[in-house]
Amino acid sequence: MQNGFFLFPVFLFFCTLPRCRNKAAKGGMMTRFLMMMAAGGLLWGACVRNTGIRAELPEQITLRPAASYPHDTGAYTQGLVWDDGILYESTGQYGQSTLRHVNPRSGTVSAHVTVPPQFFAEGLALAGDSLYLLTWREKTCFVFDKKTLQKTGQFPYNGEGWGLTFDGQNLIMSDGTSTLRFLDPKTFKLKRKIEVSDKNRKTKKTYPVRNLNELEWIHGEIWANVWQTTQIVRIEPNKGTVIGWIDMTAFVPEKIRRDPAAGRDSVLNGIAFDPKTGHVYITGKNWDVMYCFKLIVPEQ
Ligand SMILES: [Ca+2]
């Protein structure tokens, strides 16, 4: 265990706070956050707004710290997937893009393949025994065998590729806008799209949630990193409505927080879920730490 993670004294994410994306609510939330820190040592918080929309998870959830592990600071994390004790990670940048098997506890890379230098690797998803790897502007999705990391195929697509996940039937893809595409993993053909939107708490106006990046399917919801923010958004997968927001600001590594130049690129990105244990793994681009949280779902 690293970084004094267990100095975080209590549970986090008691999702009873008002949403924090709304600027007007930020002041109040911060005051309450600081009061909670002072009173009970709560060192981080999350914000979930009750929209009345239900996926499989209730709006109020808790993410309880379970562990923190080393993460390769050379990994410009673009996609993160958990399967049977292995973290699969894709890393980006032209000439540096890789697909990796990572030991979650040690952070060591046990196997990897490099992506040709003209491709900028992006999101990653596992469907069956196949890993699907998007590329940023190269309009190509590569398919690999999950064990051997041998390339087994590729598909073309339109637009940019950002994040990718699998809901058990469809690949779900982000492209930096507020749109999520649902794709057939056998053909990569588009099945449907959703527009992700939230409602401004003050004005009640609906606005699109843009810059959706790395994705993860968790208990019937889509969780998405919002690029260049410290927020994870929980999305209802049929209508694209926002279920809630998770504020990860307190978990940005100190080194990155202190260096604005690094901070622009070294953003929160990477969510993986182990449904067997309920563990959620979260990291960022070039972060030195991989957090592991236990997802606690209240009884309904
Ligand atoms: Ca993921």
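Reading strand pairing in a predicted model

His-279 stands opposite Lys-294 in strand E22.

Reader: What kind of model is this?

Author: The model is predicted.

Reader: In what order do the four strands of the open sheet lie?

Author: The order is E1-E22-E21-E20, with antiparallel pairing. Strand E1 (62-70) and strand E20 (268-274) are the edges, each pairing on one side only. From one strand to the next, the twist averages 25 degrees.

Reader: Now strand E7. Which strands does E7 pair with?

Author: E7 pairs with strand E6 (residues 121-127) in the antiparallel sense, over five bridges. Leu-126 has Leu-131 in E7 as its bridge partner. E7 also runs antiparallel to strand E8 (residues 140-145), joined to E8 by four bridges. There, Ser-130 has Asp-145 in E8 as its bridge partner.

Reader: Where in the two hairpins does a residue take a positive phi?

Author: The hairpin of E6 and E7 has two residues between the strands, and Gly-128 takes a positive phi near 65 degrees. The hairpin of E7 and E8 has four residues between the strands; in this hairpin Lys-139 takes a positive phi near 55 degrees.

Reader: Why is E7 described as largely enclosed by the rest of the structure?

Author: Strand E7 (residues 130-135) is largely enclosed because five of its six residues are buried. A residue is buried if 20 or more other C-beta atoms lie within 10 Å of its own.

Key. Residues numbered from 1 in each chain as written. Predicted model: local features only at pLDDT ≥ 70, side-chain atom pairs only at ≥ 80, totals over all residues. Pairing = 2+ DSSP bridges. Axes fitted to C-alpha atoms, helices over the stretch in contact; angles between N-to-C directions. Buried ≥ 20, exposed ≤ 12 C-beta atoms within 10 Å, placed from the backbone.
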